[in-house]
Amino acid sequence: MPPARSQRQIAAAFLARHGIARLAELRAVGVDAATVSRMQEAGEVVRLARGLYQSSDASISEHHSLASAAKRVPQGVICLVSSLAFHGLTDQLPRRVWLAVGVSEWSRRKTQPDLRIVRMADHFITTDIEMQLIDSVKVPMFSIARTLADCFRHRRAIGLHVAIEGLQEALRQRKATPAQISRQAERGGVASVMRPYLEALTANG
């Protein structure tokens, strides 16, 4: 029989496979908090936030903050400026991660300094989600067309110029079609707001 793996080995393997882990996830595979604490003291893991860890030698991409946010708030969805930035549709570099949560999921503990929480109706937050793999973490993010519609819905929060820039870039880079965008604009109740911009940007083909 193969030798039983130690808690340290189990934790290292789990983090190598999943990139980032909550303490609850490590406990679920048999790693207790004391072991994680010892690994942190030994420099084997890094504490990203309360109850959130990754290997000290893990490779980190430019979008690492999105992966961290997704693990901290599993019910959240990356949205608005953070989604635009991930898809290369804006020059904005958001200092905080824009994260959508359902009304029933929101709580004060999630209003952390590096998160910008956006509350959305529970039935509205479960559609048009794509899973992006970032630093070995599966990160839920709204589709590009949905993101564009949301940007116009929340234009006062992010700035109309950011919404227009995202729309322009999505069309220029052909990352969303006018039909897809129009459909999401209708669903989001911003068709009349987006139509003039969409028509102007597609007028010359």
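Q: How many helices and strands does the secondary structure of the protein chain come to?

A: Helices (H or I, at least four residues) and strands (E, at least two) are DSSP runs, numbered from the N terminus. In this chain there are ten helices and eight strands. The model is predicted: local features need pLDDT of at least 70, side-chain atom pairs count only at pLDDT 80 or more, and totals for chains, interfaces and linings use all residues. Residues are numbered from 1 along each chain as its sequence is written, and side-chain values use heavy atoms, with hydrogens and water left out.

Q: What does the C-alpha trace span, and what share of the residues is buried?

A: Along its principal axes the trace spans about 70 × 35 × 30 Å. Buried means under 20% relative accessible area (1.4 Å probe, protein chains only), with exposed over 50% and partly exposed in between. Of the 205 residues in the protein chain, 45% are buried.

Q: Which residues touch the most other members of the largest nonpolar core?

A: A nonpolar core is a set of buried Ala, Val, Leu, Ile, Met, Phe, Trp, Tyr and Cys residues joined through side-chain atoms within 4.5 Å. Here the largest has 32 residues, and L148, I158, L167, I181 and M194 touch the most other members. Helix α6 (144-153) is among the elements that each supply at least two residues; α6 gives the most, with six residues. A second, separate core of 18 residues includes I20, V101, I134 and M141.

Q: Which residues does M194 touch, not counting those up to four places away in sequence?

A: Contact means heavy atoms within 4.5 Å. On that basis M194 touches L148, A149, F152, L167, I181 and A185.

Q: How many bridges join strand β7 to strand β8?

A: Two strands pair if DSSP finds at least two bridges between them. Six bridges join β7 (residues 129-134) to β8 (residues 137-142), and the two run antiparallel. Within this pairing, E130 stands opposite M141 in β8. The hairpin has two residues between the strands, and D135 takes a positive phi near 50°.

Q: Where is M131 placed, and with which residues is M131 in contact beyond its neighbours within four places in sequence?

A: M131 lies in strand β7. Its contacts, with those neighbours left aside, are K138, V139 and P140. The C-alpha atoms of M131 and M141, ten residues apart along the chain, are separated by 6.1 Å.
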